[in-house]
Structures are given as structure tokens and as C-alpha cells.
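I opened the model to look at chain packing and kept notes as I went.

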Amino acid sequence: MDLKDLYREVILDHNRSPRLFGRLDPADTSADGHNPLCGDRLHLSVRLANDRIVDIRFEGKGCAISVASASMMCEAVKGQDRAAVKHLFDEIHNVLTHHDAPIPDDLGKLAALAGVRDFPVRVKCASLAWHTLNAALARSAEPVKTE
Amino acid sequence: MNASPRSDAAAGYDADRVWRDFPILRREVHGRPLVFLDSAASSQRPASVVAAVDRYETYHHANVHRGVHLLSQEATELFEKARERVRGFVNAASTREVVFTRGTTESINLVAQSWGRTNLKAGDEILLTALEHHANIVPWQLLAQQTGAVIRVAAMDRRGVVSLEAFSAQLSDRTKLVACAHVSNALGTVLPVREIVTLAHARGAVVLIDGAQCVPHQRVDVQALGCDFYAFSAHKMYGPTGTGVLIGRERLLEAMPPWQGGGDMILTVSFEKTTYNVLPYKFEAGTPNISGVVGLGAAIEYIEMLGIDRIHAHEQRLLATATARLQRVPGLTIVGTAPEKAAVISFTLDGVHPHDLGTILDAEGVAVRTGHHCAMPVMEFFDIPATARASFACYSRDADIDALVAALGKAREVFD
């Protein structure tokens, strides 16, 4: 178990300076995510045009993994349409939950999140933002839990 | 209570020798020696407890209070010997006042459902404190929903102290029950329970004390405290999980209806009428956790062998040392700074979320609890999502504090 696999430089960087941090007002859709065990909370707000995420922001508090995951996710999905976001979600989900899943080339810097899979108790930290985005896109106002 | 680092009672306490009594502490985690600082969540067991449980399972097991055959007699004798040991350990007036449960949580639920539903009505008040564990909040909320009783909360200050003034401010003639921790699991605060009992009794209220975090760390005398109910768990005092105790005042237990129905709690059953068994069996429906109770008896024997006052002095010395060392760690804030504390230190480290801290310390072999410690109102009060918590036990050593401080340095390294 090597901490450097979990706390890679790109993750520490996004934790220190989160991108797309804040809140869109008005937004076309939004959702709240909450991880009761560690107290992570985040709010996602999204602007949509046709089926495309034209702008997105997140705000909230959480551990380095959940903040970095939210920050990198927002960067990655901005400008993408629903089908592309769904494809990305499936890839991330597969990488996080399968120890030996190959890491797809198109993940880019999101591949850094793969280090989490060697730390099973931290997987839900990395996946919180993604589940919250799913909820926002499903226009669900219910808080999302990864417990 | 003596918090002095040079307490006489700790003189000659050989922590290394105590440490060697706990086989699990010799193992490695992630290729490093285990440094176990999570005893407030669950303590480890000495070899003598493991052996007592093993001996019972291997040679003496049968159901208790049932058979005329030898094994049943032996099992019953071991079970009841443990009850007498528990009685003596907390100085209960009689073994009729010692009820075995699954743990502190079940003990509290028993009182809420049996005593509470019988004695509370709409408008009556249940008084808790701001630092309670969820297990001493939720059973009362359920009871309040069932009876229309109202929950009041005695406030704490920024140190995590519940003062007698804050307690009295919420106490009234409507208060029918007071439920409070003896020691806070999240902050370490020792509450002035003796004075709380006196104040509550003056208003005619019944008092339950959640002693889960106190019993392994300092001498408890339930008669001297004067409380009506006292609850604790075996697994926080070097015994097995799934076993706990409710000490109850005999007069109250006598008047209470059974909580659960089943075997062992009855004298006669027909389909028209059941005659309940005498105390404490009235509250022990079904086959109990016999090996757990045997293990609890062995755990108390172990504590008594070390001496609870010597354990207390040892832990207080570690608390003083660890507090001083941690206060010197840059960016570290101790949450819970009551003048009288058990050896529990909750803390946060600037720029490192407690959950990240937990992972990094774990990689260094140091096991601490991170999270809200089943005390979300406490976290809310301090406006933090979580803390890291180091807690000490009879087997903790100065070297554990060194390892903790070094691992915190490592966390700083990763995040800077």
C-alpha cells in the first residue's frame, strides 16, 4: 500500500486549488451529495443547453479525495453531452470498483483517481461527486448517499 | 481524580508488560508495527480473556439455567460467577440489579422501552446533554415519539464541559428522566455525574448514566453515585463484543414490565397467563451470550489484577504527555479541552481532512478513529465535519505517542 498511489500530485493540486468551485445561479439543474460517514457534503449546479453541460460548479467540504474528484469531474464534463458523461461515469465506476480493471486511455488526468481502488474504504469519497452529477442530470433533488 | 503526570498510583506500572498480555498488539499492519489508538471504539483483549472464552467453549458449554446435567450446571456457574464479579466491580447492591444485555445500546433501549413507556406521558421531559453518543439520544427520541414526552438538552461550552449551571437550567419539575454520559466518547469530558444525580433526584427525576467510556478507565461505584441505571459494554473493557450490562435499582426493575419475552424470563407460561421470573432474569429473555459474559468476567479479573486506580493513573499520565506533545504539532487543534478528561484526544489538523489523516496514519501503522464518533450533534456544535481521535488504554505506551506524532508529521509531508 503506497500513499503516493492515493495522494498523487494532481489530486493534491485539485484539493489545494479546486477548479470550477462555486455555485451557478440560476442553474438548470442541481443536486446535493452527502457522505454521512465522513461528513463530506457537496452541491453541484449545472447549466444545460440541449443535452450538453455548458457550465458546471461545485461547492462543499470534504476530504482531499472527494474534493479533487469533484474538481476534476467538473473540468472533464464541462462541454460534454449526456451520452459522453454517461460513458465517463461508467468508465470511472468500473475503474474505482474493480481492482484490476484496465484504465481507459480517454480518462486523461481522471486516471489519477484509480489509486483509490487500493483503499476500499475511500472509494465512496471518490464516487460521491459522480453520483451527485447523475442525480442532478436525472433532475433529482433528493440528497445522494454513497453509503 | 488525579491528572498529575507523576501520580504515585502509576509508579511501578509496567506498561510494556501489560502490552505483552495482548497478543494482537504484536501484529503488523501494512508492514509496520501496529500502534492501536482506537480503544474508545473497542479495546483489545488480553490472552487471559481469549483463553477464558476458549476454555468455556471447549469444555463447559451448555445452555444456562436449564438442564440438570453437569455441563449446564457448569455453564450456569461460570455465567453467575461473572455476574457476581460485575456486581463487585461497580459495587452494585445485589446481583438482582445486574442485567446482562447485548451492550450499552441495548441497556439504554431496555430502560427507554420498559421504564420509559410505563412511566412517561405527554409533556414529561427527558433531559440529555449536548455531548451524548447517538445511542443515548435515539432511544429517547423513539420514546418521545411514542409517549409525547419532550427532549431537553443541557448545553456544553467550547471546552466540551457541561456545567451544573447549564444542567440546572434545563432541569425542572417536568423532568422525569435524565440520561447522560459519564465520559464523552468524542471529547473525553468526564461529567460531574454524582452532582447531576443529586440535582435530578431533588426534582424527583430518575437518572440513567451511559458508562461505556468510563468503566474501563476509572473506578465506578454505582451506590456512591446514587444513579438509578448505569449501562456499559464488555468490549470497551477488554472483553468480548455483544455483551453488556445494565445496572438497575432493584425497586425500579421490580416495577418495570419485561422488555422482551421468551425463555429464561418466565416462571410459568400458559396460553392465558405468564408469570415472570425474578430479577435479573425477568430482563434476560432467550439464551444469553454466555461466552461473552464469561469473557467479561475474565476481563474484570484482568482489570482487577492490574488495579483500576493504577490503570487510571497510567492513562492520565499518557493523556497529559500526549496532550502536551500534540499541542506542539503545527496546525493541530485539540477538540475537547475539559479540565477533567479521560484519555481520549479528538483533534483536527489544518489543511488535512480527518478522513485523509486516518488513511495516512493507518499506512504508518497507527490506528485512530476518524469521523463523527456517533456524536453528530457534537461535531455540529464545533462546526467541523469530523475529527481524528486517539484513545488510550491500559496497554498504551509512550512509544505509541511517539508513533502518532511521527505519523502526523508524515501527513503534513504528504499534504504540503
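At what angle do the axes of helix H11 (residues 308-327) of chain B and helix H14 (residues 398-415) of chain B cross? I found that they cross at roughly 20° and come within 10 Å. Axes here are lines fitted to C-alpha atoms, for helices over the stretch in contact, with angles from 0 to 180 degrees between N-to-C directions. Helices (H or I, at least four residues) and strands (E, at least two) are DSSP runs numbered from the N terminus.

Bookkeeping: this is a predicted model, in which local features need pLDDT of at least 70, side-chain atom pairs count only at pLDDT 80 or more, and totals for chains, interfaces and linings use all residues. Residues are numbered from 1 along each chain as its sequence is written, and chains are lettered from A and ligands numbered from 1 in the order in which they are written.

**Helix pair.** From the angle, H11(B) and H14(B) are therefore roughly parallel to each other (angles under 35 degrees count as such). I noted the crossing of H11(B) and H14(B) as right-handed, meaning that the near helix is turned clockwise from the far one by less than a right angle. I then listed the contacts (C-beta atoms, placed from the backbone, within 7 Å). B:Leu318, B:Thr321, B:Ala322 and B:Arg325 of H11(B) meet B:Asp398, B:Ile401 and B:Val405 of H14(B). By class, the residues of this contact are 4 nonpolar, 1 polar and 2 charged.

**Domains.** I next checked how chain B is divided: domain 1 is 8-46 + 307-415 and domain 2 is 50-304. These bounds come from an automatic or database domain assignment. The centres of the two domains of chain B, taken over C-alpha atoms, are 27 Å apart. Their contact takes 27 residues from domain 1 of chain B and 30 residues from domain 2 of chain B. On the domain 1 side, H11, strand S14 (344-349) and helix H13 (376-382) of chain B each supply at least two residues. H11(B) gives the largest share of that side, 5 residues.

**Sheet.** Which strands make up the open sheet of chain B, and in what order? I read 4 strands in the order S13-S14-S17-S16, with antiparallel pairing; strands pair if DSSP finds at least two bridges between them. The edge strands are S13 (332-335) and S16 (369-371) of chain B, each pairing on one side only. Neighbouring strands of the sheet are turned by 30° against each other on average, direction ignored. S13(B) and S14(B) run antiparallel and are joined by 4 bridges. I also recorded that B:Thr333 has B:Thr348 in S14(B) as its bridge partner.

Terms used: Angles under 35 degrees count as roughly parallel, over 145 as roughly antiparallel, 65 to 115 as roughly perpendicular and the rest as oblique. Two residues are in contact if their C-beta atoms, placed from the backbone, lie within 7 Å. Ala, Val, Leu, Ile, Met, Phe, Trp, Tyr, Cys and Pro count as nonpolar, Asp, Glu, Lys and Arg as charged, and the others, Gly among them, as polar.
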